[in-house]
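Open the model in a viewer and keep the sequence panel beside it. The stops below give a selection and then what is there.

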Amino acid sequence: MGDDGRMNGNNYISVIEPKVLPFIKKNFRSDDSWWYIPDNAPCHKSDFTMKLMKKHKINVLDWPAVSSEHNVIENIWAIIDKKLVKSHPTSASELQQIISKLWTEIPTQICIDLIQSMTRGIRKWMYSSQKRYFSKILN
């Protein structure tokens, strides 16, 4: 995190590089047609991040910002937010502990269901935005 507690592009890279790149290498062939779909948080669109994606030849899909039907993490945060309202943290560190606990309590099946529902969201966005050239990727 940056000095102000926010994620910046450089820090985002330090988080994803050791995890995401090995995952991609392990699970996707170089000739596969696939896309990395970040949300539009500033750290995801930073020059640092875009250079890393380009360096590793990662296709990045330009995606609508903060759209729950297109973004699994927005739904996960909504689940956490509903439960977080019931707690009353008195410090930033207590808030982080509560969020971490709530995060680990989310059932795996909910995450799987949200990921699978993205296909519907992608198709809806694709057609409403006249982005039909993505249709061959999804079929």
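Select K101 and E105: their side chains meet in a salt bridge, with 2.4 Å from N to O. A salt bridge here is a side-chain nitrogen of Lys or Arg within 4 Å of a carboxyl oxygen of Asp or Glu. Side chains of opposite charge can pair when their charged atoms come close. By this rule the count comes to one salt bridge. K101 and E105 are four residues apart in helix 5 (residues 92-105), so about one helical turn separates them. E105 has 37% relative accessibility and therefore counts as partly exposed. The classes are buried for under 20% relative accessible area, exposed for over 50%, and partly exposed in between, computed with a 1.4 Å probe on protein chains only.

This is a predicted model, in which local features need pLDDT of at least 70 and side-chain atom pairs count only at pLDDT 80 or more, while totals for chains, interfaces and linings use all residues. Residues are numbered from 1 along each chain as its sequence is written, and side-chain values use heavy atoms, with hydrogens and water left out.

Next, show the whole chain as a cartoon. The protein chain has seven helices and zero strands, in the order α-α-α-α-α-α-α from the N terminus. Helices (H or I, at least four residues) and strands (E, at least two) are DSSP runs, numbered from the N terminus. Of the 139 residues in the protein chain, 27% count as buried. Among contacts with a separation of 6 or more, 57% come from residues 24 or more positions apart; contact means heavy atoms within 4.5 Å.

Now select helix 1 (residues 9-16) and helix 3 (residues 47-55). How do their axes cross? The axes come within 7 Å and cross at roughly 40 degrees. That makes helix 1 oblique to helix 3, because angles under 35 degrees count as roughly parallel, over 145 as roughly antiparallel, 65 to 115 as roughly perpendicular and the rest as oblique. The axes are lines fitted to C-alpha atoms, for helices over the stretch in contact, and angles run from 0 to 180 degrees between N-to-C directions.

Display side chains at this contact: G9, N10, Y12, I13 and I16 of helix 1 meet F48, T49, L52 and M53 of helix 3. The residues of this contact divide into six nonpolar, three polar and no charged. Ala, Val, Leu, Ile, Met, Phe, Trp, Tyr, Cys and Pro count as nonpolar, Asp, Glu, Lys and Arg as charged, and the others, Gly among them, as polar.

Step to S46, in the loop between helix 2 (20-27) and helix 3. S46 counts as buried, at 14% relative accessibility. A polar atom of its side chain lies 3.3 Å from the backbone oxygen of C43.

Go on to K57, in the loop between helix 3 and helix 4 (72-84). Is K57 buried or exposed? K57 is exposed, with a relative accessible area of 75%. Its phi is near 55 degrees, a positive value in a residue other than glycine. Most residues other than glycine have a negative phi.

Finish in helix 6 (residues 108-128), where I122 is placed. I122 counts as buried, at 12% relative accessibility. I122 and N71 are 51 residues apart in sequence and 9.5 Å apart in space, C-alpha to C-alpha. I115 also lies in helix 6, but I115 is exposed, with a relative accessible area of 52%. From I115 to I73 the C-alpha separation is 9.6 Å, across 42 residues in sequence.

Conventions: A polar contact is a pair of N or O atoms within 3.5 Å; within protein, one must be able to donate a hydrogen and the other to accept it, and residues adjacent in sequence count only if both atoms are side-chain atoms.
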